[in-house]
Amino acid sequence: PVGQRVQWENYQTGADYTVTPVRDYRTAGRYCREYQAQAEVGGRRQQTYGTACMQPDGSWEIVS
């Protein structure tokens with residue numbers, strides 16, 4: 001849901017990830033969410049923003 005942060009760690013590499021949906025909407029019949037994401041890799045934190053849309057099989061595709 002919007003505002004619910006999800007966090008996980010890649011135990012093989014030690015990288016840490018956090019994704020927070022910030023807005024959801026429908027466009028051209030697709031359910032999409034804008035999100036903020038942070039990754040910490042090698043001690044360096046990077047922040048990104050994007051949009052992902054749900055696919056017919058329930059998986060998410062990053063579209064921007």
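**Entry 1**

I'm working from a predicted model. I started with the overall layout and found five strands in an open sheet, ordered 1-2-3-4-5, with antiparallel pairing. Then I checked the edges. Strand 1 (6-9) and strand 5 (60-62) each have a single partner strand, so one side of each has no neighbour in the sheet. From one strand to the next, the twist averages 30°.

I also looked up how strand 3 (residues 30-41) sits against strand 4 (residues 44-54). The two run antiparallel and are joined by ten bridges. As a spot check I took tyrosine 35, and its bridge partner in strand 4 is glycine 50.

**Entry 1: salt bridges**

How many salt bridges does the structure hold? I get three. I went through them in turn.

Arginine 23 pairs with glutamate 34, with the closest N and O atoms 2.9 Å apart. Arginine 23 is in strand 2 and glutamate 34 in strand 3, so this pair ties together parts eleven residues apart in sequence. Arginine 23 is partly exposed at 40% relative accessible area, and glutamate 34 is partly exposed at 26%.

Next came arginine 30 with glutamate 61, where the closest N and O atoms are 2.9 Å apart. Here arginine 30 belongs to strand 3 and glutamate 61 to strand 5, so the pair ties together parts that are 31 residues apart in sequence.

Glutamate 40 comes out partly exposed at 29% relative accessible area, and arginine 45 partly exposed at 45% relative accessibility.

**Entry 2: aspartate 16**

I wanted a closer look at aspartate 16, which lies in strand 2 (residues 16-27). Is this residue buried or exposed? Aspartate 16 is buried, yet it has no salt bridge.

What does the side chain of aspartate 16 make a polar contact with? I found the side chain of glutamine 7, at 3.3 Å. Leaving out residues up to four places away in sequence, I listed what aspartate 16 touches: Gln7, Trp8, Glu9, Gln38, Ala39, Glu40 and Arg45.

Terms used:
Residues numbered from 1 in each chain as written. Predicted model: local features only at pLDDT ≥ 70, side-chain atom pairs only at ≥ 80, totals over all residues. Heavy atoms only, no water. Helix = DSSP H or I, 4+ residues; strand = E, 2+ residues; numbered from the N terminus. Buried < 20%, exposed > 50% of the residue type's maximum accessible area, 1.4 Å probe, protein only. Lys, Arg positive; Asp, Glu negative; His and termini not counted. Salt bridge = Lys/Arg side-chain N within 4 Å of Asp/Glu carboxyl O. Polar contact = N/O pair within 3.5 Å; in protein donor to acceptor, adjacent residues only side chain to side chain. Contact = heavy atoms within 4.5 Å. Pairing = 2+ DSSP bridges. Axes fitted to C-alpha atoms, helices over the stretch in contact; angles between N-to-C directions.
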